[in-house]
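Here are some notes on the model you sent. They are set out as numbered points, so that you can check each one against the structure.

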Amino acid sequence: VAPEGAGGLLKAGTSLSLQMHYTTSGREVTDETEIGIYFYPEGEVPEERMTGGVGNDFDIEIPAFAKDHELELVTYILNESDLYSLMPHMHFRGKRMKFFAEYPDGSEELLLSVPDYDFNWQLVHELAEPIRVPAGTRIRAVGAFDNSTQNKANPDPSIDLTWGEQSFEEMFMGFYSWKELDQGGDD
């Protein structure tokens with residue numbers, strides 16, 4: 001939910017696309033997915049617009065039996081913004097992920113560390129207070145995968161992995177929400 005007085009812009013005629021992940025369980029089930037969109041009361045328009053980004057590495061290659069295969073991903077924040085949340089996303093072999101802000105002046109700040117990633121507990125990490133980041137900030141996600149036999153959640157350590165939508169394949173993504181300080185423009 002956006003902060004008071006802020007919201008996301010959803011224009012008339014907009015199409016929403018959802019990606020659902022299903023894992024077989026050996027029994028027939030019914031999908032009961034629901035989506036909730038909260039609108040401001042009619043006539044009330046939020047003063048500020050929330051936005052954000054997604055970083056996704058479609059070219060991942062994780063070797064068979066690799067115990068600590070590290071990857072990096074960079075997402076750019078083009079305009080001065082307040083950063084509100086971060087979320088790592090990997091599948092069964094995800095092991096750990098950290099997020100760093102790399103500022104245009106060359107300094108760096110650790111934003112979030114998830115040292116024991118668990119596919120079953122993917123949470124959006126809301127910052128206690130938004131972090132102001134200047135235009136040109138890079139959010140660098142550094143994570144690792146455990147494709148070894150020691151990973152009890154690993155469905156098959158003997159295969160080389162690439163990006164895929166199925167949970168037995170892998171993804172390496174970071175999701176972010178931020179609010180740009182310059183709220184000008186009609187879009």
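**Notes on the predicted model**

1. Setting aside neighbours within four places in sequence, M171 is in contact with Q19, H21, I60, H89, M90, H91, F145, W163, G164 and E165. The model is a predicted one. M171 sits in the loop between β11 (161-162) and β12. With a relative accessibility of 1%, M171 counts as buried, because the cut-off for buried is under 20%. From M171 to L161 the separation is 10 residues in sequence and 9.7 Å in space, C-alpha to C-alpha.

2. H89 is on the contact list of M171, and H89 belongs to strand β6. Is H89 buried or exposed? H89 is buried, at 8% relative accessibility. Its side chain makes a polar contact of 3.4 Å with the side chain of H91. Beyond four places in sequence, the contacts of H89 are H21, M97, Y117, Q122, M171, F172, M173 and F175.

3. On the overall fold, the protein has 12 strands and zero helices. Its pattern along the sequence is β-β-β-β-β-β-β-β-β-β-β-β. The C-alpha trace spans about 55 × 50 × 25 Å along its principal axes. Of the 187 residues, 35% are buried. Taking contacts between residues at least 6 apart in sequence, 80% join residues at least 24 apart.

4. Which residues have the most contacts inside the largest nonpolar core? They are L83, L86, F99, L111, I139, F172 and Y176, in a core of 26 residues. The elements that contribute two or more residues to this core are β5 (69-77), β6, β7 (94-102), β8 (108-114), β9 (125-133), β10 (137-145) and β12.

5. The largest pocket holds about 1,600 Å³ of space. Two or more lining residues come from each of β1 (6-7), β2 (48-49), β3 (51-56), β6 (81-89) and β12 (173-180). β3 contributes the most, with four residues. The lining has 41 residues, and A2, G7, G8, L9 and M50 are those nearest the centre of the pocket. By class, 23 of the lining residues are nonpolar, 12 are polar and six are charged.

6. The second largest pocket has a volume of about 240 Å³. It is lined by 14 residues, with F92, G94, Y117, N151 and A153 closest to its centre. The lining consists of five nonpolar, four polar and five charged residues.

7. N154 lies in the loop between β10 and β11. Its relative accessible area is 9%, so N154 is buried. Which backbone atoms lie by the polar side-chain atoms of N154? The backbone oxygen of S148 is 3.3 Å from a polar atom of the N154 side chain, and the backbone nitrogen of D156 is 3.1 Å from a polar atom of that side chain. Not counting residues up to four places away in sequence, N154 touches R93, D146, N147 and S148.

8. F65 is worth a look for its backbone. Phi of F65 is near 65 degrees, which is a positive value in a residue other than glycine. F65 is placed in the loop between β4 (61-62) and β5.

9. L181 is in the segment after β12. Its relative accessible area of 33% makes L181 partly exposed. Leaving out neighbours within four places in sequence, L181 is in contact with E80, S81, D82 and R132. L181 and V74 are 107 residues apart in sequence, and their C-alpha atoms are 21 Å apart in space.

Conventions: Residues are numbered from 1 along each chain as its sequence is written. This is a predicted model: local features need pLDDT of at least 70, side-chain atom pairs count only at pLDDT 80 or more; totals for chains, interfaces and linings use all residues. Side-chain values use heavy atoms; hydrogens and water are left out. On a 1 Å grid over the protein atoms alone, a cavity is a set of points where a 1.4 Å probe fits but cannot get out, and a pocket is an open set with protein on both sides within 12 Å along at least five of seven lines; lining residues have an atom within 4 Å of a point. Grid points are joined across faces, edges and corners, and a volume is the space filled by probe spheres set on the points. Ala, Val, Leu, Ile, Met, Phe, Trp, Tyr, Cys and Pro count as nonpolar, Asp, Glu, Lys and Arg as charged, and the others, Gly among them, as polar. Buried means under 20% relative accessible area, exposed over 50%, partly exposed in between (1.4 Å probe, protein chains only). A polar contact is a pair of N or O atoms within 3.5 Å; within protein, one must be able to donate a hydrogen and the other to accept it, and residues adjacent in sequence count only if both atoms are side-chain atoms. Contact means heavy atoms within 4.5 Å. A nonpolar core is a set of buried Ala, Val, Leu, Ile, Met, Phe, Trp, Tyr and Cys residues joined through side-chain atoms within 4.5 Å.
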